[in-house]
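Please look over the sequence and the model shown here.

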Amino acid sequence: MVGDGHSLAEEAIRRLKAMILSGELAPGERLPVERELAARLGISRGSLREAVRALALVGVLRTRRGDGTYVTSLEPGLLLEATGMVAELLQENSAVWLLEVRRMLEPGATALAAARMSPEEISGLQECLERLEQAPGVEELVAADDEFHARIAGAAGNPVLSSLLHGLAGRTLRARLWRGVSDQKTLERTRLGHRAIFQAIERRDPELARAAAASHIAEVEDWFRNSQQEPT
(Lines give C-alpha, C1' and ligand atoms only; values in the text may rest on other atoms or scores of the structure.)
Protein backbone atom coordinates (compact mmCIF):
# COMPACT_ATOMS: atom_id res chain seq x y z
CA MET A 1 0.00 0.00 0.00
CA VAL A 2 2.84 2.41 0.76
CA GLY A 3 4.28 1.81 -2.67
CA ASP A 4 0.91 2.44 -4.29
CA GLY A 5 0.52 5.72 -2.41
CA HIS A 6 3.99 6.76 -3.42
CA SER A 7 3.25 5.98 -7.06
CA LEU A 8 0.04 8.02 -6.94
CA ALA A 9 1.89 11.00 -5.51
CA GLU A 10 4.53 10.71 -8.24
CA GLU A 11 1.79 10.64 -10.87
CA ALA A 12 0.24 13.74 -9.32
CA ILE A 13 3.62 15.50 -9.46
CA ARG A 14 4.05 14.48 -13.09
CA ARG A 15 0.63 15.84 -14.05
CA LEU A 16 1.14 19.13 -12.23
CA LYS A 17 4.51 19.56 -13.92
CA ALA A 18 2.88 18.88 -17.29
CA MET A 19 0.33 21.65 -16.64
CA ILE A 20 3.13 24.08 -15.84
CA LEU A 21 5.29 23.07 -18.80
CA SER A 22 2.36 23.38 -21.21
CA GLY A 23 1.53 26.86 -19.93
CA GLU A 24 -1.83 25.76 -18.56
CA LEU A 25 -0.48 26.99 -15.23
CA ALA A 26 1.74 30.02 -15.77
CA PRO A 27 4.38 31.52 -13.42
CA GLY A 28 2.64 33.56 -10.74
CA GLU A 29 -0.75 31.92 -11.36
CA ARG A 30 -2.85 30.53 -8.54
CA LEU A 31 -3.78 26.87 -8.67
CA PRO A 32 -7.50 26.02 -8.87
CA VAL A 33 -9.09 24.99 -5.59
CA GLU A 34 -8.07 21.55 -4.40
CA ARG A 35 -11.33 19.75 -5.23
CA GLU A 36 -11.49 21.16 -8.76
CA LEU A 37 -7.81 20.52 -9.51
CA ALA A 38 -7.92 16.94 -8.19
CA ALA A 39 -10.93 16.22 -10.38
CA ARG A 40 -9.27 17.77 -13.42
CA LEU A 41 -6.13 15.67 -12.92
CA GLY A 42 -8.08 12.52 -12.05
CA ILE A 43 -6.27 12.01 -8.75
CA SER A 44 -7.25 11.95 -5.10
CA ARG A 45 -7.06 15.09 -3.02
CA GLY A 46 -4.56 13.33 -0.73
CA SER A 47 -2.21 12.60 -3.63
CA LEU A 48 -2.61 16.19 -4.83
CA ARG A 49 -1.62 17.53 -1.40
CA GLU A 50 1.52 15.35 -1.40
CA ALA A 51 2.40 16.59 -4.87
CA VAL A 52 1.92 20.21 -3.86
CA ARG A 53 4.14 19.75 -0.80
CA ALA A 54 6.87 18.13 -2.89
CA LEU A 55 6.81 20.84 -5.56
CA ALA A 56 6.81 23.54 -2.88
CA LEU A 57 10.00 22.07 -1.39
CA VAL A 58 11.84 22.54 -4.69
CA GLY A 59 10.55 26.06 -5.32
CA VAL A 60 7.99 25.29 -8.04
CA LEU A 61 4.94 26.09 -5.93
CA ARG A 62 4.38 28.40 -2.96
CA THR A 63 1.45 28.28 -0.58
CA ARG A 64 0.19 31.53 0.89
CA ARG A 65 -1.81 31.02 4.05
CA GLY A 66 -5.41 32.00 3.48
CA ASP A 67 -4.82 32.80 -0.19
CA GLY A 68 -4.07 29.52 -1.95
CA THR A 69 -1.15 27.96 -3.77
CA TYR A 70 0.71 29.70 -6.58
CA VAL A 71 3.22 28.75 -9.23
CA THR A 72 6.42 30.61 -8.41
CA SER A 73 8.37 32.79 -10.83
CA LEU A 74 10.32 29.64 -11.83
CA GLU A 75 13.51 31.71 -11.90
CA PRO A 76 16.72 29.63 -11.84
CA GLY A 77 17.86 31.06 -8.53
CA LEU A 78 14.63 29.93 -6.89
CA LEU A 79 14.47 26.49 -8.48
CA LEU A 80 18.12 25.74 -7.73
CA GLU A 81 17.95 26.76 -4.06
CA ALA A 82 17.67 23.08 -3.21
CA THR A 83 21.16 22.56 -4.61
CA GLY A 84 22.58 24.61 -1.77
CA MET A 85 20.62 22.66 0.82
CA VAL A 86 21.83 19.34 -0.58
CA ALA A 87 25.40 20.63 -0.60
CA GLU A 88 25.14 21.71 3.03
CA LEU A 89 23.93 18.23 4.06
CA LEU A 90 26.85 16.38 2.48
CA GLN A 91 29.36 14.89 4.90
CA GLU A 92 32.73 16.56 5.48
CA ASN A 93 34.61 14.11 3.28
CA SER A 94 32.26 14.99 0.42
CA ALA A 95 33.49 18.58 0.26
CA VAL A 96 36.18 17.58 -2.21
CA TRP A 97 33.44 16.46 -4.62
CA LEU A 98 31.92 19.93 -4.47
CA LEU A 99 35.32 21.44 -5.17
CA GLU A 100 35.64 19.17 -8.21
CA VAL A 101 32.31 20.43 -9.53
CA ARG A 102 33.30 23.99 -8.81
CA ARG A 103 36.55 23.45 -10.73
CA MET A 104 34.51 22.32 -13.72
CA LEU A 105 32.06 25.23 -13.63
CA GLU A 106 33.81 28.30 -12.27
CA PRO A 107 36.59 28.68 -14.85
CA GLY A 108 33.91 28.82 -17.56
CA ALA A 109 31.98 31.43 -15.63
CA THR A 110 35.17 33.46 -15.16
CA ALA A 111 35.90 33.34 -18.90
CA LEU A 112 32.38 34.60 -19.64
CA ALA A 113 32.77 37.37 -17.08
CA ALA A 114 36.04 38.50 -18.68
CA ALA A 115 34.17 39.03 -21.93
CA ARG A 116 30.99 40.50 -20.49
CA MET A 117 31.82 42.55 -17.38
CA SER A 118 31.00 46.23 -17.66
CA PRO A 119 33.58 48.84 -16.57
CA GLU A 120 31.45 49.50 -13.48
CA GLU A 121 31.40 45.80 -12.61
CA ILE A 122 35.17 45.58 -13.01
CA SER A 123 35.55 48.58 -10.73
CA GLY A 124 33.33 46.90 -8.12
CA LEU A 125 35.36 43.69 -8.44
CA GLN A 126 38.55 45.65 -7.86
CA GLU A 127 37.13 47.19 -4.68
CA CYS A 128 36.19 43.72 -3.49
CA LEU A 129 39.70 42.46 -4.29
CA GLU A 130 41.22 45.30 -2.28
CA ARG A 131 39.07 44.36 0.74
CA LEU A 132 40.19 40.76 0.29
CA GLU A 133 43.86 41.74 0.16
CA GLN A 134 43.55 43.98 3.21
CA ALA A 135 41.42 41.58 5.26
CA PRO A 136 42.74 41.54 8.84
CA GLY A 137 41.66 37.96 9.52
CA VAL A 138 40.43 34.72 8.02
CA GLU A 139 36.72 35.44 8.45
CA GLU A 140 36.99 38.77 6.65
CA LEU A 141 39.05 37.12 3.93
CA VAL A 142 36.43 34.41 3.39
CA ALA A 143 33.62 36.98 3.24
CA ALA A 144 35.48 39.01 0.62
CA ASP A 145 36.39 35.81 -1.21
CA ASP A 146 32.74 34.77 -1.46
CA GLU A 147 31.71 38.21 -2.71
CA PHE A 148 34.54 38.20 -5.26
CA HIS A 149 33.44 34.91 -6.79
CA ALA A 150 29.75 35.82 -6.59
CA ARG A 151 30.38 39.03 -8.54
CA ILE A 152 32.17 37.08 -11.24
CA ALA A 153 29.47 34.42 -11.45
CA GLY A 154 26.78 37.09 -11.68
CA ALA A 155 28.63 38.94 -14.44
CA ALA A 156 28.85 35.76 -16.52
CA GLY A 157 25.31 36.53 -17.61
CA ASN A 158 24.00 33.00 -17.13
CA PRO A 159 21.55 32.76 -14.21
CA VAL A 160 21.59 28.96 -14.19
CA LEU A 161 25.39 28.86 -13.92
CA SER A 162 25.37 31.62 -11.31
CA SER A 163 22.75 29.79 -9.22
CA LEU A 164 24.63 26.50 -9.37
CA LEU A 165 27.83 28.16 -8.19
CA HIS A 166 25.95 29.95 -5.43
CA GLY A 167 24.57 26.59 -4.30
CA LEU A 168 28.11 25.28 -3.88
CA ALA A 169 29.31 28.32 -1.93
CA GLY A 170 27.91 27.44 1.49
CA ARG A 171 29.85 24.24 1.86
CA THR A 172 33.03 25.42 0.19
CA LEU A 173 32.95 28.57 2.33
CA ARG A 174 33.52 26.42 5.42
CA ALA A 175 36.20 24.47 3.59
CA ARG A 176 38.03 27.72 2.85
CA LEU A 177 37.61 28.86 6.44
CA TRP A 178 39.14 25.62 7.71
CA ARG A 179 41.89 25.99 5.13
CA GLY A 180 42.75 29.46 6.35
CA VAL A 181 42.70 28.56 10.03
CA SER A 182 44.73 25.38 9.52
CA ASP A 183 47.43 26.89 7.33
CA GLN A 184 48.06 30.62 7.61
CA LYS A 185 50.71 30.43 4.89
CA THR A 186 48.00 29.85 2.31
CA LEU A 187 46.49 33.31 2.90
CA GLU A 188 49.03 35.08 0.71
CA ARG A 189 48.67 32.48 -2.04
CA THR A 190 44.93 32.96 -1.91
CA ARG A 191 45.33 36.69 -2.36
CA LEU A 192 47.73 36.19 -5.27
CA GLY A 193 45.29 33.78 -6.90
CA HIS A 194 42.49 36.31 -6.75
CA ARG A 195 44.77 39.05 -8.07
CA ALA A 196 45.64 36.88 -11.10
CA ILE A 197 41.94 36.27 -11.81
CA PHE A 198 41.17 39.98 -11.57
CA GLN A 199 44.04 40.99 -13.84
CA ALA A 200 42.91 38.54 -16.50
CA ILE A 201 39.36 39.90 -16.34
CA GLU A 202 40.62 43.48 -16.40
CA ARG A 203 42.58 42.65 -19.57
CA ARG A 204 39.42 41.20 -21.15
CA ASP A 205 41.25 37.91 -21.73
CA PRO A 206 38.73 35.06 -21.33
CA GLU A 207 41.24 32.23 -21.74
CA LEU A 208 43.70 33.73 -19.29
CA ALA A 209 40.82 34.26 -16.86
CA ARG A 210 39.74 30.66 -17.31
CA ALA A 211 43.27 29.42 -16.58
CA ALA A 212 43.69 31.67 -13.53
CA ALA A 213 40.40 30.49 -12.04
CA ALA A 214 41.20 26.83 -12.72
CA SER A 215 44.60 27.19 -11.08
CA HIS A 216 43.13 28.91 -8.02
CA ILE A 217 40.41 26.32 -7.44
CA ALA A 218 42.77 23.41 -8.14
CA GLU A 219 45.04 24.71 -5.39
CA VAL A 220 42.17 24.73 -2.89
CA GLU A 221 41.09 21.27 -3.97
CA ASP A 222 44.63 19.91 -3.73
CA TRP A 223 45.05 21.32 -0.22
CA PHE A 224 41.76 19.83 0.88
CA ARG A 225 42.61 16.41 -0.53
CA ASN A 226 45.96 16.44 1.25
CA SER A 227 44.44 17.63 4.53
CA GLN A 228 42.03 14.68 4.52
CA GLN A 229 44.93 12.25 4.19
CA GLU A 230 46.85 13.69 7.13
CA PRO A 231 46.55 11.79 10.45
CA THR A 232 44.35 13.44 13.06
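**Briefing on the predicted model**

The structure holds zero aromatic pairs; rings of Phe, Tyr and Trp (its six-membered ring) pair if their centres lie within 6.5 Å, with planes under 30 degrees apart counted as stacked, over 60 as edge-to-face and the rest as tilted. This is a predicted model, in which local features need pLDDT of at least 70 and side-chain atom pairs count only at pLDDT 80 or more, while totals for chains, interfaces and linings use all residues. Residues are numbered from 1 along each chain as its sequence is written, and side-chain values use heavy atoms, with hydrogens and water left out.

**Charge over a ring**

- Tyrosine 70 has arginine 64 over its face, at 3.9 Å from the ring centre.
- A charge sits over a ring if NZ of Lys or CZ of Arg is within 6 Å of the ring centre and within 35 degrees of the ring normal.

**Overall fold**

- The chain has 11 helices and two strands, taken as DSSP runs numbered from the N terminus (helices: H or I, at least four residues; strands: E, at least two).
- Along the sequence the order of elements is α-α-α-β-β-α-α-α-α-α-α-α-α.
- Of the 232 residues of the chain, 40% count as buried, where buried means under 20% relative accessible area, exposed over 50%, and partly exposed in between (1.4 Å probe, protein chains only).
- Among contacts with a separation of 6 or more, 71% are between residues 24 or more positions apart; contact means heavy atoms within 4.5 Å.

**Helices α2 and α3**

- The axes of α2 (residues 34-41) and α3 (residues 45-57) come within 9 Å and cross at roughly 100 degrees.
- Axes here are lines fitted to C-alpha atoms, for helices over the stretch in contact, and angles run from 0 to 180 degrees between N-to-C directions.
- The two helices, α2 and α3, are therefore roughly perpendicular to each other; the classes are roughly parallel under 35 degrees, roughly antiparallel over 145, roughly perpendicular from 65 to 115, and oblique for the rest.
- On the α2 side, Glu34, Arg35, Leu37, Ala38 and Leu41 meet Arg45, Leu48 and Arg49 of α3.
- The residues of this contact divide into four nonpolar, no polar and four charged.
- In this grouping Ala, Val, Leu, Ile, Met, Phe, Trp, Tyr, Cys and Pro count as nonpolar, Asp, Glu, Lys and Arg as charged, and the others, Gly among them, as polar.

**Loop residues**

- Valine 33 lies in the loop between α1 (2-22) and α2, and is exposed, with a relative accessible area of 56%.
- The C-alpha atoms of valine 33 and glycine 68 are separated by 7.7 Å, although the two residues are 35 residues apart along the chain.
- Leucine 74 is in the loop between β2 (68-71) and α4 (76-79).
- Phi of leucine 74 is near 65 degrees, a positive value in a residue other than glycine.
- Leucine 74 counts as partly exposed, at 24% relative accessibility.
- Arginine 204 sits in the loop between α10 and α11 (206-229), and its phi is near 60 degrees, also a positive value in a residue other than glycine.
- At 36% relative accessibility, arginine 204 counts as partly exposed.

- Arginine 102 belongs to helix α6 (residues 95-116) and is buried, with a relative accessible area of 5%.
- From arginine 102 to alanine 218 there are 116 residues in sequence and 9.5 Å in space, C-alpha to C-alpha.
- Glycine 154 is part of helix α8 (residues 138-155) and is partly exposed, with a relative accessible area of 49%.
- Arginine 195 is in helix α10 (residues 186-202) and is partly exposed, with a relative accessible area of 24%.
- Arginine 195 is in contact with Leu129 and Glu133, leaving aside its neighbours within four places in sequence.
- The C-alpha atoms of arginine 195 and glutamate 130 are separated by 9.2 Å, the two being 65 residues apart along the chain.
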